[in-house]
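Subject: Structure for you to look at

Hello,

Here is the structure I said I would pass on. Please open it next to this message and follow the residue numbers as you read.

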Amino acid sequence: MTKVDFLVVGSGIAGLSYALKLCEYYQDKEYHPQICLITKDEPFESNTRYAQGGIAAVIDARDSYEKHIQDTLIAGSHINNEEVVKLVVENGPERIRELINWGTQFDKSDNGEYNLAKEGGHSDHRILHFKDVTGQEIQRALLNAIKQYDNVKILQDYFAVDLITQHHLGEDVTRYRKDTQCYGVYALNKITGEVETILSKVTLLATGGIGQVYKTTTNPSVATGDGIAMTYRAKGHVQQMEFVQFHPTALYQRGHEGNAFLITEAMRGSGAILRNSKGEDFVKRYDDRGSLAPRDIVARAIDSEMKKEGKEHVWLDASVIDEAELKSHFPSIYSHCQKLGIDITKEYIPVAPASHYLCGGIVVNTKAETSINNLLACGECTCTGLHGANRLASNSLLEAAVYAHEAFVTATQLVEQTQWMEQIPDWNKDGTTVPEELVLINQSRSDLQRVMSNYVGIVRSNERLRRAFKRTALIYEETEELYKRTEISQPLCELRNMITICYLVISGAKERHQNIGLHYSIDFE
């Protein structure tokens, strides 16, 4: 059993920013709390790392908070929480300054000012970026900064299995109970194969998204919705899971499934145009803003065009961008496509939508508090109310940074009035045997991804959702049987979490009887 003051689950911008703030805050104080950050892979592997485009913030005098707020509300179909939108937008510049102070570099123009890009749904240039690897640069800076502190321990290859609550003390925990308390997590040490008990006074979930529940995604393999699933099992509140954003432009490779290479929206912000097989600028038929319309509109336009033409992709024409700018601003995309035999300075890039971002998740208030006491959450795993029915481009890293700060403020208050619950029993693996053949888990995972992609994708219907629910229920029954009789493994736990996520997305979609934002059903046209 391990006891820490602060436990962080996840190593992206949300978890690292929060941990860094704790380190700085306690650096000159007499009390030096123990901070533990666990990550199921190595620390550099997170959704943050794969964010190409950038981070949105009002730092140009010609821009305004009001314009950024309105752009966010319009993209979210005005079902956003306006208080939250205001909080995030107005606190954004200060959080950007912190990232820079921690060592993050953003591209600058020759005059020394930040080179701000424009992306879909934005009325002004306000996207800070570092080439086309912004997330990777932020991740690098944060990991380097946190190495300076010796009271934070990073445990890689630790998979959080379950939140510890009164349920583990034999009490009845329901979704309506107001005093449910989080005491820490049970975590699988992937090296030893043992499930360890990590007790904490305050726990933060920063576990990222759910992209892996679909067969093609821009998300890394770690994005299996673990934090959301754990919270739901612990009877925490989760909502708006039906709002899954598909990025319009993932690189299409015939026969390739799984992780897709992202072609950043910033490329369209620089002038690239989406074209159909006839070379037509087709998005303008769907929206006057053309290729720079919000992502829900562009993704549906591409989906519609692909179905009309019977094609598996459309084209992105980046040849209209100056060659020197293309190579300097988008070096990783240029290099990646070149390796595949595509010269993006002359040839069109084949693209198709892929699962990209979840706008719903664990319900949190403006203090980053969940419905479970002493459990905080921030980043993509949360539903803050910022995004509404559709996320505005580059608002995700901003939200993570702002809510990491709010979580930090809350945590420093909570820790002073909390003690460890030391009566927690060890993980019980009695009656279980060594893991079954991995083929069973892999097949179920593949079946799940196909069900979600075919029935709960960009366009839905009542019948598709009914079928998805029925097929997911069967996979759930098979997996629960497997879980009860076998020892814990990461693939099995991830599958279990993914099934929970699928159930929540399908259920949310079934209950949403209108076409709004990212939820579109042919039954409500």
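Below is what was found, taken region by region.

Please keep in mind that this is a predicted model.

The largest pocket has a volume of about 930 Å³. It is lined by 35 residues, and those closest to its centre are Asp 162, Arg 233, Glu 480, Tyr 483 and Arg 496. Strand 6, helix 5, helix 12 (462–485) and helix 13 each give two or more residues to the lining. Helix 12 provides the largest share, seven residues. Two of the central residues also meet each other: the charged end of Arg 496 sits over the ring of Tyr 483, at 3.7 Å from the ring centre.

Asp 162 stands opposite Tyr 186 in strand 7. Strand 6 (residues 158–164) pairs with strand 7 in the antiparallel sense, over six bridges. Strand 7 (residues 184–189) is largely enclosed by the rest of the structure, because six of its six residues are buried. In a regular strand, side chains alternate between the two faces of the sheet.

Aromatic pairs

How many aromatic pairs does a search of the whole structure find? The count is 11. Tyr 26 and Tyr 31 form an edge-to-face pair, with 5.9 Å from centre to centre and 85 degrees between the planes. Tyr 26 counts as buried at 4% relative accessibility, whereas Tyr 31 is partly exposed at 38%. Another pair, Tyr 232 with Tyr 503, is tilted, because the ring centres are 6.3 Å apart and the planes are at 50 degrees. Tyr 232 belongs to helix 5 (residues 226–233) and Tyr 503 to helix 13 (residues 490–511), so this pair ties together parts that are 271 residues apart in sequence.

Helix 2

Which residues of helix 2 (residues 65–75) are buried? They are His 68, Ile 69, Asp 71, Thr 72, Leu 73 and Ala 75. An α-helix has 3.6 residues a turn, so residues three or four places apart point the same way. The cover over the buried residues of helix 2 includes strand 3 (55–56), helix 3 (82–101) and helix 10 (395–414). Helix 2 is followed by Ser 77, which has a positive phi near 60 degrees.

A buried glutamate

Glu 305 lies in helix 7 (residues 295–309). Is this residue buried or exposed? Glu 305 has a relative accessible area of 3%, so it counts as buried. Leaving aside residues up to four places away in sequence, Glu 305 touches Asn 276, Phe 282, Arg 285, Tyr 286 and Val 314.

Regards

Definitions and conventions:
Residues numbered from 1 in each chain as written. Predicted model: local features only at pLDDT ≥ 70, side-chain atom pairs only at ≥ 80, totals over all residues. Heavy atoms only, no water. Buried < 20%, exposed > 50% of the residue type's maximum accessible area, 1.4 Å probe, protein only. Helix = DSSP H or I, 4+ residues; strand = E, 2+ residues; numbered from the N terminus. Contact = heavy atoms within 4.5 Å. Pairing = 2+ DSSP bridges. Phe/Tyr/Trp six-rings, centres within 6.5 Å; stacked < 30°, edge-to-face > 60°. Lys NZ or Arg CZ within 6 Å of the ring centre and 35° of its normal. 1 Å grid on protein atoms, 1.4 Å probe; cavity = no way out; pocket = protein on both sides within 12 Å on 5 of 7 lines; lining within 4 Å. Points joined across faces, edges and corners; volume = space filled by probe spheres on them.
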